[in-house]
Amino acid sequence: MQQNRILILGAGEGQVPLIKRAKSAGCYVIVVSPNGNYPGFAYADECVYADISNAERILDVARELQINAIATDQTDVSISSVQYVAQALDLPCIKCTNIDNFRYKSLMREICQQNGIPTIRFCSTNDVNEAISFYNILFAHKAIIKPVDSQGSRGVTVVQTLAELQEAFPIAQQYSKSKNVIIEQFVEGQEIEIDTIVKDGQIIGTLVGDVHNFTSENAFSAYERIYPSMLYTGTELEHIKTINETTIKALGLMTGWAHGEYIVSKTGEIYLLEVGARGGGNYIGSDIVKTMLGVGTDDMALNTALGDDSFYQDIYNRDKYCAYKCFYLPEGKIVSININWEYFNQPFVLRHNLSDLQIGFKTAKNTDKTSRYTIVVEADSKEELRLLLDEIPNCLDIKVSNQQGLQSVIWK
């Protein structure tokens, strides 16, 4: 039997589970990513250095290397390229009426408005003066500026004055391929996450989790995500699921999976923050979705690429509890590491990236999600899950040296 030749877009930490799955399935794995120190390259049979958002370039690579499958996971920037190549070469792929609806935040907002879905007030523009005009009509002068087409909270800033807006606008543009920026009214409330699996237009799996964010205003990242939701149950939870289902269908996902983030305002309105037609990063898709719904998005991506959709029959809500806990390190140089490896090697720890820590490593300023360290745990009850999460800080001590002296781990 001929060996499958699969093109996997992305070599970052989030793509490693998919790359490993493809290797274990006997595929010849070609990993495409910009050149850099990305862990996925180490597991590939062949590496190609290219911009994974450049669909035409990826199509050229696919034809040249005679691939018969293409996939990605846990990244937004390559979704359009995967669908473009799959359609050009008649390869299996998720089914979506317009994948850009999940790629561009401005399109998400417009489609929600058109379908009567509650929508955060927004303006999409490449003109700072237009952004200023919009900002001046907001009821409360607190807004978020972000690129329309980036990921990992890169280039995202909260602004509360015109001066801050003018400073943040070009930063957001730097992270946007199109140089377009979206400015949105800031909504106070509780963030939640929803992972959704769709088959032939029907929702067959939904996972709602609570998001607890770091206090650093512009990090836009969670120190904990807990599944299933402890904050919303009963009719409130069903209403959240209904809003999500309406949104996913309006955006045109017919068969595939999505990772969405919403916010429940202090007055009870539910607004979409953003949603991608992919698995959630930080091992949400590969580990947490698998624990809670039976199949991980790395498995979904691989099997879809190989033309096997039987995994949809295996989706079900498992009676489990799962969470991740994250931490940042201060800016400086790591001078000591003390880790209780006995704890982190226990079966309830599904995954972590603590092995990347090294004495002497220089840590940068934390401006987005990408510099976090993560531990994923599972439990049989919410009480047990809470105990596991609370024990993690007791099992890890890292010191960073900087101008302020010795600094410890940032847990919240």
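Two strands count as paired if DSSP finds at least two bridges between them. The notes below concern a predicted model.

1. **Strand β19 and its partners.** Start with β19, residues 373–379. Strand β17, residues 349–352, is joined to β19 by 3 bridges, and the two run antiparallel. Within that pairing, R351 has V376 of β19 as its bridge partner. Strand β15, residues 321–327, also runs antiparallel to β19, with 7 bridges joining them. There, Y321 stands opposite A379 of β19.

2. **Burial of β19.** How many of the 7 residues of β19 are buried? The count is 7 of the 7, so the strand is largely enclosed by the rest of the structure. In a regular strand, side chains alternate between the two faces of the sheet. In β19, Y373, I375, V377 and A379 point one way. T374, V376 and E378 point the other way. Both sets are buried, E378 included.

3. **The parallel sheet.** Four strands form an open sheet, in the order β3-β2-β1-β4, and the pairing is parallel. β3 (46–49) and β4 stand at the edges with a single partner strand each, so one side of each has no neighbour in the sheet. From one strand to the next, the twist averages 20°. Strand β2, residues 28–33, pairs with β3 over 4 bridges, again in the parallel sense. V32 has V48 in β3 as its bridge partner.

4. Helix α3, residues 79–89, lies across β1 and β4. Its direction is at about 165° to β4. Helix α9 also lies across β1 and β4, running at about 155° to β4.

5. **Helix α9.** Is this helix enclosed or open? All the residues of α9 (297–305) are buried, 9 of the 9, so the helix is largely enclosed by the rest of the structure. The buried set takes in T297, D298, D299, M300, A301, L302, N303, T304 and A305. Note that D298 and D299 are among them. The cover over these residues includes strands β1 (5–9), β4 (69–71), β10 (189–199) and β13 (253–265). It also includes helices α1 (16–24) and α8 (284–293). G307 follows α9 and has a positive phi, near 80°.

6. **Nonpolar cores.** The largest nonpolar core has 67 residues. Which residues have the most contacts inside it? They are I6, F102 and I288. Beyond its neighbours within four places in sequence, F102 is in contact with D76, C96, M108, I248, L251, L253, A258, V275, G276 and A277. There is also a second, separate core of 27 residues, which includes A323, L357, L385 and I398.

7. **The α5/α6 contact.** Two packed helices are described by the angle between their axes and the distance between the axes. Helix α5 (residues 128–136) and helix α6 (residues 162–174) pack at an angle of about 145°, and their axes are 10 Å apart. The crossing is right-handed. On the α5 side, V128, A131, I132, Y135 and N136 make the contact. They meet L162, L165, Q166 and F169 of α6. By type, the contact residues divide into 7 nonpolar, 2 polar and no charged.

8. **V148, a buried loop residue.** V148 sits in the loop between β7 (143–147) and β8 (157–159). Why does V148 count as buried? Its relative accessibility is 2%, and the cut-off for buried is under 20%. Leaving aside neighbours within four places in sequence, V148 is in contact with R103, Y104, K105, S106, S124, S176, S178, N180, V181 and I182. R103 lies 45 residues away along the chain, and the C-alpha atoms of V148 and R103 are 8.3 Å apart.

9. **Backbone points to check by eye.** The peptide bond from Y227 to P228 is cis, with omega near -10°. P228 is in the loop between β12 (222–227) and α7 (234–251). D90 is a residue other than glycine with a positive phi, near 55°. D90 is in the loop between α3 and β5 (95–96). It is exposed, at 72% relative accessible area. K179, also not a glycine, has a positive phi near 65°. K179 is in the loop between α6 and β9 (181–185). With a relative accessible area of 42%, K179 is partly exposed.

Methods:
Residues are numbered from 1 along each chain as its sequence is written. This is a predicted model: local features need pLDDT of at least 70, side-chain atom pairs count only at pLDDT 80 or more; totals for chains, interfaces and linings use all residues. Side-chain values use heavy atoms; hydrogens and water are left out. Axes are lines fitted to C-alpha atoms, for helices over the stretch in contact, and angles run from 0 to 180 degrees between N-to-C directions. A crossing is left-handed if the near helix is turned anticlockwise from the far one by less than a right angle, and right-handed if clockwise. Contact means heavy atoms within 4.5 Å. Ala, Val, Leu, Ile, Met, Phe, Trp, Tyr, Cys and Pro count as nonpolar, Asp, Glu, Lys and Arg as charged, and the others, Gly among them, as polar. Buried means under 20% relative accessible area, exposed over 50%, partly exposed in between (1.4 Å probe, protein chains only). A nonpolar core is a set of buried Ala, Val, Leu, Ile, Met, Phe, Trp, Tyr and Cys residues joined through side-chain atoms within 4.5 Å.
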